[in-house]
Amino acid sequence: MNLLSQRPEKPVVGLPMPHESAHLHVTGTALYTDDLVHRTKDVLHAYPVQVMKAHGRITALRTGPALAVPGVVRVLTAADVPGVNDAGMKHDEPLFPDEVMFHGHAVAWVLGETLEAARLGAAAVEVELDELPSLVTLQDAIAADSFHGARPTMVAGDVDAGFADSAHVFTGELRFSDQEHFYLETHAALALVDEAGQVFVQSSTQHPSETQEIVAHVLGLPSHEVTVQCLRMGGGFGGKEMQPHGFAAVAALGARLTGRPVRLRLNRTQDLTMSGKRHGFHAAWKIGFDAEGRIQALDATLTADGGWSLDLSEPVVARALCHVDNTYWIPNARVTGRVARTNKVSNTAFRGFGGPQGMLVIEDIMGRCAPLLGLDPTELRERNFYRPGQGQTTPYGQPVTQAERIATVWRKVKDDAGIDGRRREIAAFNATHPHTKRALALTGIKFGISFNLTAFNQGGALVLVYKDGSVLINHGGTEMGQGLHTKMLQVAATTLGIPLHRVRLAPTRTDKVPNTSATAASSGADLNGAAVRNACEQIRTRLLDVAATRLGVPAGDVRVVDGVARALGGDAELAWDDLVRTAYLQRVQLSAAGFYRTEGLHWDARAFQGSPFKYFSYGAAATEVEVDGFTGAYRIRRVDIVHDVGDSLSPMIDIGQVEGGFVQGAGWLTLEDLRWDTGDGPHRGRLLTQAASTYKLPSFSEMPEEFHVTLLENATEEGAVYGSKAVGEPPLMLAFSVREALREAAAAFGPAGVSVELASPATPEAVYWAVETARTAGATRTDEGAGPGGGRTRARDGIANPAGAGASVRA
């Protein structure tokens with residue numbers, strides 16, 4: 001067994017532990033960035049000057065009226081920036097722009113003694129604008145050929161030959177929506193400057209090192225003069241990977257110019273209108289199957305709505321391409337990606353980071369094509385799984401390791417959920433209920449773990465052991481509620497061989513662990529856990545030498561378990577506190593900096609080939625739904641999930657992540673419908689769903705009536721910390737089973753074999769139109785060709801769908 005994955009005697013990892021801050025969360029005593037305002041004197045409050053037009057060039061900016069407002073201290077503009085006036089890593093996001101690029105773009109910031117004074121001051125700033133044409137929808141941008149960034153193409157095999165060998169060829173397209181992060185804590189920063197001019201920023205950020213870098217270059221300072229700390233976040237989901245930097249920079253700039261602490265916190269409407277979302281996509285595709293329903297070729301173009309700047313759109317598109325295969329072997333593929341430039345907020349990372357968008361394309365294809373092939377969708381999926389021992393690689397050339405787990409989790413879900421018996425019950429129910437239909441769908445996932453950019457796959461830690469035997473750990477990961485800190489405490493206690501209560505974790509900050517990667521890509525536990533383990537192993541090795549001398553045995557014969565050092569085969573022992581005290585008196589170093597880099601990664605971005613992922617996470621879900629044929633309203637009756645997390649570091653945390661990820665995915669696919677004003681009136685480009693009252697989030701009423709989550713057993717991941725696997729992002733894609741169940745339920749209102757389109761999100765309105773499509777299919781469907789048994793199959797053109805599902809499948 002790999003040493004990194006090997007667990008010692010009586011490990012603390014693997015035990016079900018509550019979240020390390022759970023009691024603070026439920027009692028309201030957990031501190032978040034904006035709570036620190038009440039512990040800081042003489043704080044100024046920042047408020048944005050937003051321009052409510054989608055696009056235009058600023059011809060005048062008059063701040064004088066704001067300065068006349070009582071309580072206004074200063075108005076920050078581009079003229080105040082001593083360094084680089086840019087908040088993005090691509091240098092395409094002016095912090096104080098001279099061109100408004102989306103409705104609600106902030107062009108200046110007002111500092112006030114109170115938040116109300118700052119708000120009134122912002123309202124008093126006068127902005128004159130030369131309005132310019134705007135592109136609000138993804139379709140607008142495609143039609144105008146408005147793109148930016150790289151346009152990668154992934155090629156495998158011979159696509160033309162694959163289509164020539166196909167018995168059935170279908171084409172189609174799909175449009176699917178963006179998604180709002182809607183973290184509970186909005187963007188927030190608190191900056192102050194000490195007597196030496198050092199800048200200290202408290203920020204709700206997933207990437208403190210990059211926040212530090214942006215703040216430093218805006219202020220014209222070296223990075224060692226800026227420290228960024230993140231106590232914890234009230235949710236992030238990717239929305240705080242890149243987007244906090246500019247807000248932190250505004251607060252830091254204000255603090256440098258005024259000499260007073262500056263607090264910036266967006267209210268909910270500002271957060272919704274100023275921060276980026278999950279990328280909405282458009283996909284145009286062509287797919288070929290052989291006579292048995294096995295994929296022969298795929299040709300597709302995926303277009304992401306990037307918004308006004310690049311942000312992370314290029315790697316999001318890259319990951320979408322890398323996941324378009326999901327669990328299916330596609331021997332011949334040509335998939336192109338591109339980023340559309342629109343006059344909307346700059347879209348950014350969101351849990352799954354393009355993976356869900358790529359996987360949704362192939363799952364939609366399978367769901368739409370299965371009836372046309374005369375196959376049950378479950379059977380079609382099974383026939384196309386990656387198979388172990390076949391030498392199969394992904395379209396970008398990475399071998400699919402542990403391919404057997406695709407079928408393993410699939411079979412276990414089928415067995416645990418009693419699929420066969422329940423489908424008979426569903427068929428009987430549907431036969432006697434003409435206006436209500438049920439369906440049960442299975443989908444699987446294969447999700448690659450690591451950052452696509454190889455350099456980001458590194459982590460650091462600092463572990464301190466004090467003379468009394470207590471331990472303090474620092475690592476580069478941030479806590480956004482996902483339980484990373486809990487796992488790091490368990491890793492440290494396991495590695496040192498001490499009880500969990502002896503270990504404390506310090507807030508994440510850049511002057512303790514430098515040059516860290518974002519807590520993203522589901523790699524937080526992998527990278528930081530291995531770094532924490534590395535630091536603890538350094539200290540443990542030194543302590544074993546000390547214990548060996550005291551116990552009179554070789555160091556290799558000493559084990560530290562439950563806080564006691566013992567010699568193998570003997571009765572002599574040494575308590576942890578005594579061991580640490582002895583080491584201190586012998587002048588043995590009791591601190592260590594740990595480091596980890598993920599090995600075995602290779603990626604050629606130009607050729608779009610390589611092995612960018614350390615391993616794949618697998619899972620499968622079965623969802624049963626019930627649909628009302630009159631309204632399209634539905635309920636989720638039951639969900640069964642089997643998910644592969646390797647050997648779990650913290651099972652209670654991991655099950656919570658699976659549940660939460662699934663529900664968030666179901667929200668994206670069925671409920672969360674962002675709407676923008678696309679008219680030509682004065683509010684063009686305005687986000688219409690600006691609050692929880694108009695943007696529907698999953699609630700208790702949308703939770704499955706039965707929800708069963710099982711972690712795959714005996715699933716050690718060699719080469720990962722204590723044999724575990726990532727859990728943050730992969731479960732979100734298990735929610736494809738909800739959408740596919742809704743599709744099958746809608747199809748049940750029509751004749752057998754009907755293929756229905758379904759918009760994403762599949763709101764009740766969208767489901768209603770799918771039901772109507774199925775109901776009228778018997779009268780309008782025209783079949784051509786030899787059908788499933790041979791020749792080519794053509795699906796009819798579907799009914800126009802006001803909910804926006806996209807074009808129909810056609811030969």
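1. Let's start with overall size. For 811 residues, a compact globule would have a radius of gyration near 28 Å, and the protein chain agrees, with 28 Å. That radius is taken over C-alpha atoms, and the globule rule is 2.2 Å times the number of residues to the power 0.38. Along the principal axes, the C-alpha atoms fill a box of roughly 85 × 80 × 50 Å.

2. A word on the basis of these values. This is a predicted model, in which local features need pLDDT of at least 70 and side-chain atom pairs count only at pLDDT 80 or more, while totals for chains, interfaces and linings use all residues. Residues are numbered from 1 along each chain as its sequence is written, and side-chain values use heavy atoms, with hydrogens and water left out.

3. The secondary structure comes to 19 helices and 29 strands; these are DSSP runs numbered from the N terminus, with helices as H or I of at least four residues and strands as E of at least two. Taking contacts (heavy atoms within 4.5 Å) between residues at least 6 apart in sequence, 80% join residues at least 24 apart.

4. Now for burial and surface. Of the 811 residues in the protein chain, 61% are buried, where buried means under 20% relative accessible area, exposed over 50%, and partly exposed in between (1.4 Å probe, protein chains only). The accessible surface is about 29000 Å², and 52% of that belongs to carbon and sulfur atoms. Accessible areas come from the Shrake-Rupley method with a 1.4 Å probe.

5. The largest nonpolar core has 109 residues, and those with the most contacts inside it are W285, I287, F289, L298 and L742. Such a core is a set of buried Ala, Val, Leu, Ile, Met, Phe, Trp, Tyr and Cys residues joined through side-chain atoms within 4.5 Å. Strand β27 (residues 615-628) gives the largest share of this core, eight residues. Apart from this core lies another, of 52 residues, including A461, V580, Y596 and L649.

6. The whole structure has 16 of them, a pair being rings of Phe, Tyr and Trp (its six-membered ring) with centres within 6.5 Å; planes under 30 degrees apart count as stacked, over 60 as edge-to-face and the rest as tilted. The ring centres of F176 and W668 are 6.3 Å apart with planes at 70 degrees, so this pair is edge-to-face. The pair links distant parts of the chain, 492 residues apart: F176 is in strand β8 (residues 168-176) and W668 in helix α17 (residues 651-670). F176 and W668 are both buried.

7. W603 and F608 also form an edge-to-face pair, at 4.9 Å centre to centre and 75 degrees between the planes. Both are buried, and W603 and F608 belong to one aromatic cluster with Y396, F613, F616 and Y618.

8. Finally, some backbone points to check by eye. A cis peptide bond joins S760 and P761, with omega about 15 degrees; P761 is in the loop between α18 (736-747) and α19 (764-780). Q402, a residue other than glycine, has a positive phi near 55 degrees, and is buried at 17% relative accessible area.
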